[in-house]
Amino acid sequence: MITILYGSETGNAQDYAEFLTKRLRYYKLKPTVAALDDYPLKNLITETKVLIIVCSTTGQGELPRNSKKFLKFILKKKLPSDFLDHISLTTFGVGDSSYPQFNYAIKKIHTRLMQLGCKELCGRCEADEQSSEGIDGFYTEWETTVLKSLGVDVESEGSKEEVLSEPDNKVTIQEECEDVLVPDSVEFDRKGASLLKGTVKQNARITASDHFQDVRHIVIESDSDISYYPGDTISLFPVNDDNSVELLLQSQPHWIPLADKPLKISGSPKTEGGLTSNLTLRSLLKYHIDIMSIPRRSFFMTLWHFCDESTEDGEREKEKLKEFSSFEDVDELYNYANRPRRSILEAILEFQANLNIPVEYIFDLFPKIRPRLFSIASSNIKDTGTKNRRIELVVAVVEYKTMIRRIRRGLCTKWLKTKVAGSEIMFKINKSNLKFDLPSEDPPSPTTALPIIMVSPGTGIAPMRSLIEEKIASNSPQPLYLFFGCRNKEKDAFFNDVWEDLQEQKLLNYFPVYSREEEDAKCKYVQHKLIQQAKLVGELILNKRAIVFICGSNGSMPREVRITLVEILKKIGNLTEEEGTKYLADMERDKRYIQETW
Amino acid sequence: MSILLLLHPTVVANEDQTDLVLTTKQQLAQQYPNDHIVQQIMDRVANKKVALDDGSFNRVVYLNPNQDKSIPVATLPVLSDLLVAGGSIEGDLPSDQDLDVIMNGLLIDDGVWIKPKYEAVQLKKKPVASTLNASSGASKSGLVGKKLPMFKKLNKPSTKIVAAPAPALTDSNTNSEGEEENSMKRKLQETKLSYFSDDDDDDGMDDDEDENDDDRVVEDELIKESDKFQLSTSLITPRSCDITKKKRRKACKDCTCGLKELEEEELNKQSTLQDSILGKMAQSATLEAMKIEERLKNIIKFEEKDMAEIDFTIEGKTGGCGSCALGDAFRCDGCPYLGLPPFKPGEAITIDSFGEDI
């Protein structure tokens, strides 16, 4: 009757949803929890009376990947205005007010569900990462209201019982069976839809060997025909290394004799990309369970139940684990896990002496490995006009140090390093539906074709490379302008030779800018270069209706580029601040201003 | 009895269609010589601009020469009410609104809509199901016979709902009771379920291009709508942080306030501390090794006193808290061991267990 759904890109919103689920269970309520896209929609009619949605916002105010299907359904115009009038709704948005489309996803969901007849259960919440209270501060306030609205007497002692409910997806080991040796090839044997297989043709470092960052140029050749466009991404499915899996197994000695027996998972276990075949405990841990991610609050909320408190040490450890799962002192978990980027595996190893994790709970307890998305850096068009099977990527290897002595390595990074030339690899192509020409151009001619201004520091170059290759291969008359930023010309100017070559052939207008070449350079970043070229940029946008495409790491870059463009419009177009801002907003609406940041 | 001839507004507006009205009227008069014919414009009837008595017509004939034959759902109950039991609606009717018609308690027989007589038994024999395609489920469980709920009027949408889609399935004001209510609920549920196509729950759906984008609400419109909804009035915000006394310790991604530098400095300091501890450990290991040479290779045995010794390298630190060995979860702020794995006094640990990166 109570349904908790989440839309989550990084797992943050999911954590709040799962945390709330567990909290409600303490108060003897029986909520169902699922990703927005995993919940059978018909159950909204047949099962749901109270609907609680937790959702973050990604991209340009869009919904996360695991909620697109849900949105697509509720947006149908044919749905009547009392379609969901049997539902009481409350929503919690996980957002960041430094983005112009602050909490847009939850706003969209909430508004639409109200249009479809939902009543409000209680006040809703738009949490702001930028606020001094953080998302947690918003959550606790909202949770209190939700609990009250559900008739829970939070004050009364007897209403709450901290018991762990049965696992939703119970893992059962078939102990009577013989051990199975699961071959490594199951990595390519997943049940997920639209998965493709290919071979890595190249995995080469393209930054100088003395450069701080290892950036790889990866070339994949698909086994089958593929179709993609500039702006599309691919999902890769990383797996744990055997050593980490072994460490986890050793930490739970009672798992060891069971590790290679076949197992079953009850319910409908969900994981993006689907489960591999012939599951055993060992292969489940290797291919699906994310032990390298940072442990979240909802993880500790289940974990502390498994701590044996019969000894003094155990009692103390249990108390600590429980502390990590509460909001009493929010810094506690942050300082232990998030700040030093401690992994789940490391946390378990620290507490292993008194931890006894029942096998049945493994799927419920641990987060699942999520596919990693990368922008495609190549074009699908062959010189001959036919389609090729190549996909190229530009991937920055994630390696850094925190207070923890051991170097932090991204799970995907570590795994990708093992994918040397000749290795097989599984992937999925995700459509972005970005358009880099407008329908008005027919027939396209050099005088009317819309120019494209590309702004991309660092590995943001990936989709630009795809776009440039595509436009040149298809003899597009659209003039191309590339503003590329990096540290040093000799160290991390990706594909510099290619761009210079195209510049010479008059196929590309290339504006590189380096931040570490000269100490006191005035022009360091892409936004500086844009201002330097204000007249050109302003005229391209105002007179030639240029499309602006920005890609790179989020944070200050996209914001500063935006401010810079408003300045340019003011200067060149004699617009006021307000007019300039509106001009950009209109461009954005007309899809002439495209921003892909991560 | 009487016949109501309903005219679509365009019929009256176009002079060249007056003939059409006349012919229709003549035909009706010939066909039903005993009946009185009343002529009205559809919109006026639908909006109750004209006073017509409920249950006063045995036949409603709709004249609509336009391509679009659709009738607003809210109008259906008005028309139904005008009919006597057993009366019918015929003429230019839409063929794609069967579900709406059924939901309004009317039956469909060969393109004619019939208001059922209250004697349910005989009507059950009517081949209703065959006229309902996908949604036959809704008809089977007996829509006939009972008073059906009233419907929301289209022209009085609640002020909040602006872009909301037209049709409505229920009127929340209806207060039917008991069994009847349950059966209504079930029926309503079935009707609601008819809005799901099979692929809505399909896993593999990435691109069902058969559905037009025009059939969907534009996402951005919802943002504009959200203002009209005054969503902000129901917003929950955290109580001021002055009360909770919690301060933010995490630097923003693009920190400019200096917290990031502070964090980095702290990190470097910690690293230096760790280096010094590891150095001492190595030294201690050498000493130990010299003492017990062959017996222990590569293994260090920490005694309580060794640890204390190492711990004293930190200014202002007494090493007396006893938690340092327990791991980061239990270590104090500024503990020199932060970032190193837990260890226990008297327990043998190898340098290896510190991992590959030392």
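**View 1. S209(A) sits in a loop between two strands.** S209(A) lies in the loop that links β8 (196–205) to β9 (215–222) of chain A. Helices (H or I, at least four residues) and strands (E, at least two) are DSSP runs, numbered from the N terminus. The model is predicted: local features need pLDDT of at least 70, side-chain atom pairs count only at pLDDT 80 or more, and totals for chains, interfaces and linings use all residues. Residues are numbered from 1 along each chain as its sequence is written, chains are lettered from A and ligands numbered from 1 in the order in which they are written, and side-chain values use heavy atoms, with hydrogens and water left out. S209(A) is exposed, at a relative accessible area of 72%. Buried means under 20% relative accessible area, exposed over 50%, and partly exposed in between (1.4 Å probe, protein chains only). S209(A) and K491(A) are 282 residues apart in sequence, yet their C-alpha atoms are 8.1 Å apart.

**View 2. L281(A) belongs to helix α7.** This helix of chain A covers residues 281–287. L281(A) is buried, with 0% relative accessibility. Beyond residues up to four places away in sequence, L281(A) touches I173(A), L249(A), W255(A), L258(A), A259(A), K261(A), L263(A) and I362(A). Contact means heavy atoms within 4.5 Å. From L281(A) to K264(A) the C-alpha distance is 9.6 Å, across 17 residues of sequence.

**View 3. S8(A) is one of the residues under a UniProt "binding site" feature (unreviewed entry).** The record also lists E9(A), T10(A), G11(A), N12(A), A13(A), S56(A), T57(A), T58(A), G59(A) and E129(A). UniProt positions are given in the numbering used here, feature names are shortened, and annotations may be inferred rather than shown by experiment. S8(A) occupies the loop between β1 (2–7) and α1 (12–26) of chain A. Its relative accessible area is 3%, so S8(A) counts as buried. Leaving out residues up to four places away in sequence, S8(A) touches A13(A), Q14(A), S56(A), P64(A), N66(A) and R370(A).

**View 4. R516(A) and Y525(A) come under a UniProt "binding site" feature (unreviewed entry).** The record places this feature at T459(A), S515(A), C523(A), K524(A), V526(A) and Q527(A) as well. R516(A) is in the loop between β19 (509–514) and α17 (526–532) of chain A. Y525(A) is in the loop between β19 and α17 too. R516(A) is partly exposed, at 46% relative accessible area. Y525(A) is partly exposed, at 40%. Neighbours within four places in sequence aside, R516(A) contacts R487(A) and N488(A). On that basis, Y525(A) contacts V513(A) and S515(A).

**View 5. Chain A as a whole gives the setting.** Chain A holds 20 helices and 21 strands. Its radius of gyration is 26 Å, close to the 25 Å that the globule rule gives for 598 residues, so chain A is as compact as a globular protein of that length. The radius is taken over C-alpha atoms, and the rule is 2.2 Å times the number of residues to the power 0.38. Along the principal axes, the C-alpha atoms fill a box of roughly 75 × 55 × 50 Å. Buried residues make up 57% of the 598. Of the contacts with a separation of 6 or more, 77% are between residues 24 or more positions apart.
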